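Hi everyone, thanks for making time today.

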Amino acid sequence: MRLFYTSLLTASLAALPCVASAADISTAQPVPYFPQSDYRPDISPVPELLGHQFGERISEPAAISRFFEQLASRYPQQVKLVHYGKSWQGRPLFYAVIGSSSNISQLADIEAGMRKLAEPASLSEPEAKQLIASLPASVWIAGSLHGNEISPADAAMALAYHLLADQSALTQQILSNTLVYIDPLQNPDGHHRFVSRYYATVGLEHSPDRLSAEQNEPWPNGRTNHYLFDMNRDWISLTQPETASRVKALQQMYPLLFVDSHEMGGDMGYYFSPEAEPYNPHIQASQRQVLNKVGQNNAKWFDELGYHYFTREIFDAFYPGYGASWPLYYGSVSMTYEMASARGHHYRMQDGQILTFADGIQRNFVAFKATLETASQQASTLLQNFYQYRKTAAAQGEKDGLRSFIFAAERDLAGHQKLMGVLTQHGIKVEQAQQAFRACGKDYQAGSYLIRTNQPSYHLMRTLLDETVPMDKAFLEKQEQRRANNLPDQIYDVTAWSLPLMYNLEMQRCNQAPRVNTTVVGPDTLIAGSVSNPDARYGFVVPWGDMAAARFLSAALQQGLTLRSSDLPFTHQNGQRYPAGTLVLSRADNPADLTSKVQQLAQQSGALVQGLDNSWVTEGPNFGSFNVPAVPKINVAMLWDEPTNPLSAGSARFVLERGIGYPVTAIRPAQLRSADLSRYQVLILPATGAGSYQQALGSVGSENLRQFVQRGGVLITLGNATSYLLEGDKPLLSSKREYQVSEQEKPASEARVPGRVLAEYREFEQMLKPYQADPDWVPGFIANAVVDQNHWLTAGIAEQVRSLYVGNHIYQPLRINDGRNVVNFAAPKDLLAGGFVWEENRQQIAHKPLVMVQSHGRGQVIAFTQEPNFRAYVDGMHLLYINAVFRGAANAGALR
Ligand SMILES: [Zn+2]
């Protein structure tokens, strides 16, 4: 059968000016098509529900919402619509449940039954058997998490329509014992961005040409959400409301199969499970068996309809933060499907054939329907597997000699609260000790956190908490061979994501389950703030060192309060020692209602504020010292648009705006080149994607930045943006970027060279190595870094931080007369905190700078050589970034 079989109805084509010329594409069945379908004659026509036929137009988020609202109101016995959250821009997140009228009428009981089955400890075997025999299977179809991957959302609608219209035996069989959850549009904001800009580029006809404007989205493309996050990496720390609300929704009914439907390059065919190696070792054999079964049944229908597909070669199941991974860790079977994207109405492939948007809808629809068939056929196996998974998971910790994880929580209470809240949102039960206790040879105070391993979420717990999740040895050996042959590695994403490491919190493992009175922690990520001694005569201090204090600072500045911040630690007459960075608010500097303002700020920020009756300090600087500078209310700008990397720009903005509530002005390069920057005190250059700052800003822009710094501005570079500071005649940073360590000699400039004997093959191999190569690319590991405790930039930061290290940028340290290397990667033996790094890189990265500061005129540059806001989930780096912004400005000499 021809590759591109499906298409549009010619009749409807003629009716709309904005569709492809019909000559390019085949005209066959309307979408969706499934063999032996038998549609009810009384079903509402699609255009009545959607405004157009499937495939005729890329549906906007509002049209998708309307379509499902129509279905739910016209067919209430078979469809239930549930709103589960809102996107950043306020668009609804929802799913529709479709099933037999009998199952839909008992939906609440069925979902309660699934929640019971998910807790095997509270069930007897006969009760479990009875549930397994009576509950239906369930499949969750999730579409368009990447908003510019367009066909899944429309395919999800086509599936819903088909299930309601089709009277065939297969569909009736599916609906009799399977609930179908359809979450058509996981990223409505990104999808809206794509659709609106796509239609804005279309002329007389839609161009399938890969050079056309239709086929090349402007920055930022529709992949990400409003804050430019790749939400297909966010299922670990749940930073985005879309992810967090979905994770909550899934735990209401634990769907047994989960399909995350995506699109890939337009020439690539179709991909479904089983996934590529390496698998995360916490995935169970029974889950892999089902992945195979699902793939085989999809393949049966793809063969019958003549659709090409592939499996296993890319898209691994190692990183747990994909949508297609997370449900695996509650005991479901989840998978990614990837359709070649027309990225518009149609796309000319390399072989000249035209791939249409309708083709994408049709193939996804067939994969979905085939998956439903598998679920229906395997219903009791899936239920049984789910129950067994959760039961054996709860017992596995004891077999592994691991009964609890304990967090002493002696510092960074706000960070601990956030982590425990996130783990609770994941469905992991976290307890907080109400009294002191002793476990595994160590004393713990009341307030310590405890996570017992005898939980059905054991595998999720391990994959989120363990420092390293081991990769298959054979796989790693293969990667070393590829590297030796100068081939790229096949590691798809970062190799480490341990939350305690990324939050920089200390965790102990214990082979005992401590006996201690506890309370169960809730899902809140914010600690309750407080003010001690509210009537204090002198004023207030806020000990520095966590995000709650940073939120307090942000809100206090915006309310016009006057704050100072100590560059050095100090001891007050009250006997308490305060860390560097501690905020000081005196009554003399502030309005009369300071107490009530401070109380309100403590409550909203979670800060632990202390009243002081006097300012007498017994060690360290007094509050009137030049070592306790005022923290000015500053205007923060950042570079936005090409050539910045949208992920870096988005997270840099997110951590300030949503992490601590401080607004940022995003400025495009065209304005920045010659803009008057004097209104700004801080300017952030995010990492770059394609393109460079030299090109985007030119010499005029460079000079503008230089003058900004000279006048007292703080210029902060993130990740690879740091290399921009090394360029030009008058570089702003006196570091250099390193080549790979190599013994290769400089190639001779002459055409003829003296003869040489290669006595061994090793010498031949040595000759093949390039001269001045980049270090090998590192897919991502968690690195230990050592913090200079005596610099204002590191106030309140622990002696050791953990940074993600991704890529191959390695910088030389600054000489002492040029600047300071305030945070440096640890020694080779201590460098690796979690994950995997090539040996040569480990040696070369050690001791090199992670954060550098160099002064110019009245201002300074602060260079992060890695991304401190990586996915906004390396929480332990955020305060360092915030220090760079606020303490950087406080320690620069801008004239006001
Ligand atoms: Zn995708």
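Let me begin with a question: among contacts in the chain between residues at least 6 apart in sequence, what percentage join residues at least 24 apart? The answer is 80%. Please keep in mind that we are looking at a predicted model.

Now the chain as a whole. It holds 26 helices and 36 strands. Its radius of gyration is 29 Å, close to the 29 Å that the globule rule gives for 896 residues, so the chain is as compact as a globular protein of that length. If you follow the C-alpha trace along its principal axes, it spans about 85 × 80 × 65 Å. Of the 896 residues, 53% are buried.

Next, a stretch with an annotation. An unreviewed UniProt entry lists residues 56-358 as "domain: Peptidase M14".

Is it covered on one face or on both? Both: Y449 and I451 are buried on one side, and L450 and R452 are buried on the other. As a reminder, in a regular strand the side chains alternate between the two faces of the sheet. Strand 16 also has antiparallel partners. Strand 12, residues 404-407, is joined to it by four bridges, with I406 partnering L450. Strand 13, residues 431-433, is joined to strand 16 by two bridges, and here E431 is the residue that partners L450.

Further along there is an open sheet of five strands, in the order 19-25-20-24-21, with mixed pairing. Its edge strands are strand 19 (530-532) and strand 21 (564-565), each pairing on one side only. Inside that order, strand 20 (residues 539-542) and strand 24 (residues 583-586) pair in the antiparallel sense over four bridges. One of the bridge pairs is G539 with S586 of strand 24.

Why does L583 count as buried? Because it has 24 C-beta neighbours inside 10 Å, and the cut-off for buried is 20 or more. Leaving out residues up to four places away in sequence, L583 touches V541, V542, W544, A549, L553, L563 and S565. By contrast, take M349: L583 and M349 are 234 residues apart in sequence, and their C-alpha atoms are 60 Å apart in space.

Technical notes. Residues numbered from 1 in each chain as written. Predicted model: local features only at pLDDT ≥ 70, side-chain atom pairs only at ≥ 80, totals over all residues. Pairing = 2+ DSSP bridges. UniProt positions renumbered as here; feature names shortened; annotations may be inferred. Buried ≥ 20, exposed ≤ 12 C-beta atoms within 10 Å, placed from the backbone. Contact = placed C-beta atoms within 7 Å. Rg over C-alpha atoms; globule rule 2.2 N^0.38 Å.
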